[in-house]
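Here are my notes for you to read alongside the model. Take the points in order and find each piece on screen as you go.

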Amino acid sequence: MNAPDIEKMLSERGIRPTANRLIIAQAMMRHGGSFSLSELEEVVETIDKSGIFRTLALFKKHHLVHAIESNEGVRYELCLSHSDEHDDDLHVHFYCEQCNTTMCLPDLSIPSVDLPEGFDAHTVTYIVKGICPTCAITKSK
């Protein structure tokens with residue numbers, strides 16, 4: 001995705017496309033997958049940690065990123081949602097206990113949960129933990 005496409009994506013979600021926001025969105029798009037705040041800080045060297053954190057919080061508020069809580073803390077990934085009001089691409093994530101990688105499994109939807117009356121869900125996280133195929137092959141050698 002090129003810069004004008006990312007700018008359009010931000011605007012469609014009600015996010016003003018500043019230079020920092022474009023840089024962070026481009027970095028996440030280019031590298032794919034999920035990032036911790038410190039990993040994103042390494043990739044985006046020109047923006048300090050507080051600037052990255054504020055941008056991620058704004059992206060989360062507008063459903064441009066998912067926040068995935070894992071054993072190592074919060075990880076962020078770009079959200080393919082078409083709405084700035086709710087996530088319509090909730091999917092399963094896999095955490096490899098050997099290489100400590102969190103991966104998206106976008107073809108696996110999170111099952112619907114009917115909450116009792118009075119409960120209002122804001123987000124759903126579904127993480128499967130185990131060994132990824134790469135580590136399983138390495139382990140079997």
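Which strands does H4 lie across, and at what angle does H4 run to E2?

1. H4 lies across E2 and E3, and runs at about 110 degrees to E2. Angles here go from 0 to 180 degrees between N-to-C directions, with axes fitted to C-alpha atoms, for helices over the stretch in contact. Helices (H or I, at least four residues) and strands (E, at least two) are DSSP runs, numbered from the N terminus.

2. A word on where this comes from: the model is predicted, so local features need pLDDT of at least 70 and side-chain atom pairs count only at pLDDT 80 or more, while totals for chains, interfaces and linings use all residues. Residues are numbered from 1 along each chain as its sequence is written, and side-chain values use heavy atoms, leaving out hydrogens and water.

3. Now the sheet. It's open, with three strands in the order E1-E3-E2 and antiparallel pairing; two strands pair if DSSP finds at least two bridges between them. E1 (35-36) and E2 (65-70) are the edge strands, each pairing on one side only. E2 and E3 (residues 73-78) share six bridges, and His66 has Glu77 in E3 as its bridge partner.

4. H2 packs on this sheet too, touching E1, E2 and E3, and its direction makes about 85 degrees with that of E3.

5. Next, look at the two helices together. H2 (residues 19-31) and H4 (residues 49-61) pack at about 75 degrees, with axes 10 Å apart. That makes H2 roughly perpendicular to H4 (the word covers 65 to 115 degrees). On the H2 side, Arg21, Ile24, Ala25 and Met28 make the contact, and their partners in H4 include Ile52, Leu56 and Phe59; contact means heavy atoms within 4.5 Å.

6. Ile6, Met9 and Leu10 are buried (under 20% relative accessible area, with a 1.4 Å probe and protein chains only). They cover an arc of only 95 degrees around the axis, so they sit on the same side of H1; the arc is that of the directions from the helix axis to the C-beta atoms. These buried residues pack against H2 and H4. The face turned away carries Pro4, Lys8 and Glu12, which are exposed (over 50%). After H1 comes Gly14, with a positive phi near 80 degrees.

7. Finally, E4 (residues 91-96) and E5 (residues 102-109) pair antiparallel over five bridges. They form a hairpin with five residues between them, and Asn100 in the turn has a positive phi of about 60 degrees.

Notes: Parallel < 35°, antiparallel > 145°, perpendicular 65-115°, else oblique.
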